[in-house]
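Student: I have a model open here. Could we go through it together?

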Amino acid sequence: MSEVGEQEYWLADTGQTNNPAINGALIKRQGLFQSVINTINIDDIEKTMADINKNGGQVLSPVMNIPNVGKIAYFKDPDGNTFGVIEDITK
C-alpha cells in the first residue's frame, strides 16, 4: 500500500501489473459512504457524470483529483447503491 498526496488515500495493489488483479484504494470513512464501494474505471469522467445524471443517478461528491492517479467521483444509482467512477491518468 502507498499513500497518495496529502489526503488520507492509500492505493492497494493486489498483483503484478502484467497479471490480472483487482486493485483498489482505501480512504478514511467520511460518513457519506457504506463500508465497501465499487469503483469503475472509465475513459471520460465528465461524459460519465452526464450519463449518470441523465439516467437517474445522484451525485454524492464533486470530482476529486488524486495526484498521479486520476479523477474520481461518487454517486448513488436509482436503487440507492453507492458507487464510484475513476478516470485513470496512468494508462
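Tutor: Let us start with a charged pair: the side chains of Asp51 and Lys47 meet in a salt bridge at 2.9 Å, N to O. The term requires a side-chain nitrogen of Lys or Arg within 4 Å of a carboxyl oxygen of Asp or Glu. This is a predicted model, in which local features need pLDDT of at least 70 and side-chain atom pairs count only at pLDDT 80 or more, while totals for chains, interfaces and linings use all residues. Residues are numbered from 1 along each chain as its sequence is written, and side-chain values use heavy atoms, with hydrogens and water left out.

Student: How are Asp51 and Lys47 placed in helix α1?

Tutor: They are separated by about one helical turn, because they lie four residues apart in α1. Helices (H or I, at least four residues) and strands (E, at least two) are DSSP runs, numbered from the N terminus.

Student: Changing topic: what about Ile52, buried or exposed?

Tutor: Ile52, in helix α1 (residues 45-54), is buried, with a relative accessible area of 12%. Leaving aside neighbours within four places in sequence, Ile52 is in contact (heavy atoms within 4.5 Å) with Gly57, Phe75, Phe83 and Val85.

Student: Which residues make up the largest nonpolar core?

Tutor: The eight are Ile42, Ile45, Met49, Ile52, Ala73, Phe75, Phe83 and Val85. Helix α1 gives the largest share, three residues. A nonpolar core is a set of buried Ala, Val, Leu, Ile, Met, Phe, Trp, Tyr and Cys residues joined through side-chain atoms within 4.5 Å.

Student: Which strands does β8 pair with, and in which sense?

Tutor: Strand β7 (residues 70-76) and β8 pair in the antiparallel sense over seven bridges, with Phe83 as the bridge partner of Phe75. Strand β4 (residues 38-42) and β8 pair in the parallel sense over five bridges, and there Asn41 stands opposite Ile86. Two strands count as paired if DSSP finds at least two bridges between them.

Student: How many residues of β8 are buried?

Tutor: Six of the seven residues in β8 (residues 82-88) are buried, so the strand is mostly covered.

Terms used. Buried < 20%, exposed > 50% of the residue type's maximum accessible area, 1.4 Å probe, protein only.
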